[in-house]
Amino acid sequence: MSRVAVLGASGAVGSELVRQALSRGHSVVAISRRPSLPPEDGLLTVAADVFDGAGIADALRGNEIVLDALGLRKGDPPGVLAAGARAVVAAGPSRVVSVGAFGTGPSASAAGWLTRTLLSQFMKEELPDKVAADAAILGMGGTVVQVGPMKTGPVSPTRRAVGLADVPRRWFPASVTHATVAAAMLDAAENGPRGEVLVALPK
């Protein structure tokens with residue numbers, strides 16, 4: 001099994017990544033600004049900020065796989081996602097998978113008109129950051145797992161991750177649980193394609 005670093009480990013997707021990676025037998029380094037996960041065998045929690053280049057570099061060093069689950073929170077300074085992606089690229093792990101928003105960057109043309117319109121209206125300030133982060137990860141040969149609206153719930157037993165050419169055409173993307181997104185990211189890290197955008201679907 002591998003040593004896996006999870007960036008944004010205190011978030012909804014990040015905490016699921018930690019839990020599921022441990023259950024798959026990986027050792028995990030959980031990185032967040034304010035670590036909150038309880039101690040567990042195989043788990044190391046690290047406090048680090050993406051704008052602290054040296055601290056993030058130390059936290060990411062020595063991990064074969066990096067799972068970037070950074071999200072935006074109210075009050076975050078501009079460029080959080082891109083800063084995290086740049087830190088991952090600088091660390092140079094052998095495998096990187098990050099989470100992204102379906103309908104942005106390379107997937108804009110695969111999304112429906114309604115999705116693109118809503119994203120441009122409600123995520124106007126965040127879109128450049130998301131696009132820059134995805135571009136950085138893809139540029140280093142990493143994988144970006146893009147998703148529609150997320151919700152709480154278990155892993156979907158019928159989950160799948162498809163390339164952009166195989167995304168079902170619909171007005172608005174299907175919602176997917178945080179746990180299903182985490183499972184899709186781990187699947188991609190363990191045996192998925194490199195340098196591509198995948199879209200996580202509940203079925």
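This is a predicted model: local features need pLDDT of at least 70, side-chain atom pairs count only at pLDDT 80 or more; totals for chains, interfaces and linings use all residues.
Residues are numbered from 1 along each chain as its sequence is written, and side-chain values use heavy atoms, with hydrogens and water left out.

The protein chain contains 6 helices and 10 strands; these are DSSP runs numbered from the N terminus, with helices (H or I) of at least four residues and strands (E) of at least two. Its radius of gyration is 16 Å, close to the 17 Å that the globule rule gives for 203 residues, so the chain is as compact as a globular protein of that length. Here the radius is taken over C-alpha atoms, and the rule is 2.2 Å times the number of residues to the power 0.38. The C-alpha trace spans about 45 × 35 × 30 Å along its principal axes.

Of the 203 residues, 47% count as buried, where buried means under 20% relative accessible area, exposed over 50%, and partly exposed in between (1.4 Å probe, protein chains only). The accessible surface of the chain comes to about 9500 Å², and 56% of this belongs to carbon and sulfur atoms; the areas come from the Shrake-Rupley method with a 1.4 Å probe. Among contacts with a separation of 6 or more, 74% are between residues 24 or more positions apart, a contact being heavy atoms within 4.5 Å.

The charged side chains come next. Side chains of opposite charge can pair when their charged atoms come close. A search of the whole structure finds 5 salt bridges, each defined as a side-chain nitrogen of Lys or Arg within 4 Å of a carboxyl oxygen of Asp or Glu. One of them joins glutamate 16 to arginine 19, with the closest N and O atoms 2.8 Å apart. Both residues lie in helix 1 (residues 12–23), 3 residues apart, about one turn of the helix. Glutamate 16 is buried at 17% relative accessibility, whereas arginine 19 is partly exposed at 46%.

Another salt bridge pairs arginine 61 with aspartate 58, the closest N and O atoms being 2.7 Å apart. Arginine 61 is exposed, with 53% relative accessibility.

Aspartate 187 and arginine 159 form a further salt bridge, with 2.9 Å between the closest N and O atoms. Aspartate 187 lies in helix 6 (residues 178–191) and arginine 159 in the loop between strand 7 (150–151) and strand 8 (160–163), so the pair ties together parts that are 28 residues apart in sequence. Both partners are partly exposed, aspartate 187 at 26% and arginine 159 at 30%. Salt bridges that share partners join Arg24, Arg159, Asp187 and Glu190 into one network.

Two individual residues complete the account. Threonine 104 lies in the loop between strand 5 (95–101) and helix 4 (113–122), and it is buried, with a relative accessible area of 2%. Leaving aside neighbours within four places in sequence, threonine 104 is in contact with Leu119, Leu127, Val131, Asp134 and Gln146.

Glycine 163 belongs to strand 8. Beyond its neighbours within four places in sequence, glycine 163 is in contact with Val197 and Leu198. Its C-alpha atom is separated by 23 Å from that of valine 89, 74 residues away along the chain.
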